[in-house]
Amino acid sequence: MSWESFSVYDKNGNKIYLGDYGLYIGKTDSGLWKEIFLPDTEDYTDKVTGMDGEYFFGSSLKPREITVPVFAIDISETHRRELQRILFSKAPVKLEFDRRPYQYIFAKKTREIDMDYLYKGDYYDCLVELRYTAYDPLFYSHYKSTYIPKRGDADPPPTPEETFMYDAGIPYIDSDLWRPSLFNSDGISEILTNDGEFQLYNGGNYFSKCIITIQGSGRNIVITNTTTNQSFKISEIDNEVLVIDGLRGIVISGAGNTLRTEVFDGDFIVIESGLNDMVMTGENLNLTKLSFEYRYTYL
């Protein structure tokens with residue numbers, strides 16, 4: 001069995017595999033690598049004088065602390081200096097662990113890093129404990145929902161069943177639109193002039209925020225996720241591109257990044273874990289694009 005390591009992505013998106021530098025995940029004093037199974041939550045409550053208990057107003061995930069004990073065998077002085085450069089970060093970077101090559105988390109190095117080492121003339125054997133903080137505590141799939149794996153001309157297109165396999169560890173398949181007949185990988189495959197129903201799939205175990213792009217014309221366009229009981233209405237678009245960005249909580253014109261909140265009313269829809277049943281209705285519809293961009297999201 002090969003030793004386990006992990007990868008760091010630099011600011012240019014280049015993947016740096018630390019195993020290539022002789023750095024591998026080791027053990028703590030107890031003989032195990034301790035991992036946070038579920039991040040902590042912060043609850044929002046309020047207490048009223050004379051009331052038993054408190055009112056609960058929801059909760060959010062706290063940052064995730066990641067401690068990785070690692071060892072290195074026979075690393076050179078050059079590799080030691082290079083590892084200092086790679087591991088230093090002023091901002092969160094992507095981390096990808098060997099055991100989960102299909103997902104990443106954004107984390108920043110925190111606290112100083114001590115190295116216990118044995119110097120052997122030209123090489124080091126060392127033990128290091130790396131500490132990171134993931135201020136966004138969630139893991140994400142590498143590919144967006146509109147991703148299609150590259151195939152040869154003779155290969156058949158991916159089936160809906162193949163997209164389901166992504167969360168089983170296949171690193172190059174993501175959910176595009178899990179569609180009946182109306183959709184292809186980039187959104188609708190024909191001009192939409194009527195109401196419609198379709199499904200979206202999130203292979204993660206936590207809801208995914210998404211970016212919805214609508215292009216064309218129509219009035220009173222309502223898109224509903226009946227699985228999450230969320231919906232929004234677009235009062236009118238006239239031969240334009242509208243982007244409902246659920247990641248940033250804004251609605252903009254796709255052409256000039258102009259805020260278009262006046263045409264939007266409702267929820268920024270999320271895609272729940274598993275299948276989501278979607279419904280679209282509207283008046284005078286003539287849509288040439290309807291797409292949902294999101295990543296599988298994991299606790």
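Biologist: Which side chain makes a polar contact with the side chain of Thr297?

Modeller: That of Ser208, at 2.9 Å. A polar contact is a pair of N or O atoms within 3.5 Å; within protein, one must be able to donate a hydrogen and the other to accept it, and residues adjacent in sequence count only if both atoms are side-chain atoms. This is a predicted model, where local features need pLDDT of at least 70 and side-chain atom pairs count only at pLDDT 80 or more, while totals for chains, interfaces and linings use all residues. Residues are numbered from 1 along each chain as its sequence is written, and side-chain values use heavy atoms, with hydrogens and water left out.

Biologist: Is Thr297 buried or exposed?

Modeller: Thr297 is buried, with a relative accessible area of 2% (buried means under 20%, exposed over 50%, partly exposed in between, with a 1.4 Å probe and protein chains only).

Biologist: What classes of residue line the largest pocket?

Modeller: Eleven nonpolar, two polar and five charged residues. Nonpolar here covers Ala, Val, Leu, Ile, Met, Phe, Trp, Tyr, Cys and Pro; charged covers Asp, Glu, Lys and Arg; the others, Gly among them, are polar.

Biologist: And what are the classes for the second largest pocket?

Modeller: Its lining has nine nonpolar, two polar and five charged residues.
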